[in-house]
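Student: I've got a structure open and I'd like to talk it through. Can you help me read it?

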Amino acid sequence: MSKAITFSEYGAPEVLHLSEVTTPEPGPGQVRIRVRAASVNPLDMKIRSGLMAGQFPARFPVVPGLDAAGVVDAVGEGADAAVGDEVLGATVGGSYSEYALLDEPVAKPEALSWEVAASLVSVGEAAFRVLGQLGVQPGQTLLIHGAAGSVGAIAVQLAVARGITVIGTVAEQDIERLTTLGATAVPYGEGWAERVRAAAPRGVDYVFDASGAGVLADSVTLTGDAGKVITIADMSAQQHGVRFSIGSAAQGGKSLPELVELAATGKLTVPIWRTYPLTEAAQAHADLEARRNQGKAVLLP
């Protein structure tokens, strides 16, 4: 037996509880890790609240969490790692736990902290996925809503590195940080569309909404084509003819090694806002839902 955070009903952060669970055993091709860090993602909170019940139906009790980094302590037949290896990846069966299973472990470089390693998986996959779906090319202009958030900040850095002009909507306190990433920062809130037009007199080619802040209608107007707008956060996408992009960290097999290399060599930064002990998972959810964070929240079992 081991400890994990679980929930047995949909609801507010208070439904999260520390529980005794059966320690998972790795199947063929899987590894079990002793979790050193588990990132907290916005999708975790949507699943916990029941907002994503249609896409991710729960089989209670649920161990939440998508991503983890840790030390391999057991391997299944044919697994691509050995006991003692330091790895990261998308978990099978949840990451808010002392132990977790990985299908496709990726080696963690020594230069990468546990917190950053755990924080790359889902957000990196989402950034890669949406940039690919949009098809934005060097020399074009991309508007990213929520550009200072976990997914947005990675998307900014990847797009800038590809020669794409990036404009990002952010809170006032994030303007300087976004500017250092190579984007043009525009304060969000009332009048944001006019400020974007001023910052991009030649127009905006594509929009990546990572904010879910009710910006889709004006984003479609900016591009002139709903097909050039993708959101990962606004459930009203269909009403505006906009694609809602959803994937899984498990689909990030091709992008994750590249992300790890970029982060380990200092070419990609992932801001870690705060770490929490496993027992404070509910507080981490509450803090993120209140938008208190400026960067990733990470649980340390």
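Student: Okay, which residues of H8 are buried?
Tutor: The buried residues of H8 are Ser-255, Leu-256, Leu-259, Val-260 and Ala-263, where buried means under 20% relative accessible area, exposed over 50% and partly exposed in between, with a 1.4 Å probe and protein chains only. Helices (H or I, at least four residues) and strands (E, at least two) are DSSP runs, numbered from the N terminus. This is a predicted model, in which local features need pLDDT of at least 70 and side-chain atom pairs count only at pLDDT 80 or more, while totals for chains, interfaces and linings use all residues. Residues are numbered from 1 along each chain as its sequence is written, and side-chain values use heavy atoms, leaving out hydrogens and water.

Student: New topic: is Ser-219 buried or exposed?
Tutor: Ser-219, which lies in helix H7 (residues 216–223), is buried, with a relative accessible area of 0%.

Student: What does Ser-219 touch?
Tutor: Not counting residues up to four places away in sequence, Ser-219 touches His-145, Trp-192, Val-207 and Val-229, contact meaning heavy atoms within 4.5 Å. A polar atom of the Ser-219 side chain also lies 2.7 Å from the backbone oxygen of Val-215.

How values were computed:
A polar contact is a pair of N or O atoms within 3.5 Å; within protein, one must be able to donate a hydrogen and the other to accept it, and residues adjacent in sequence count only if both atoms are side-chain atoms.
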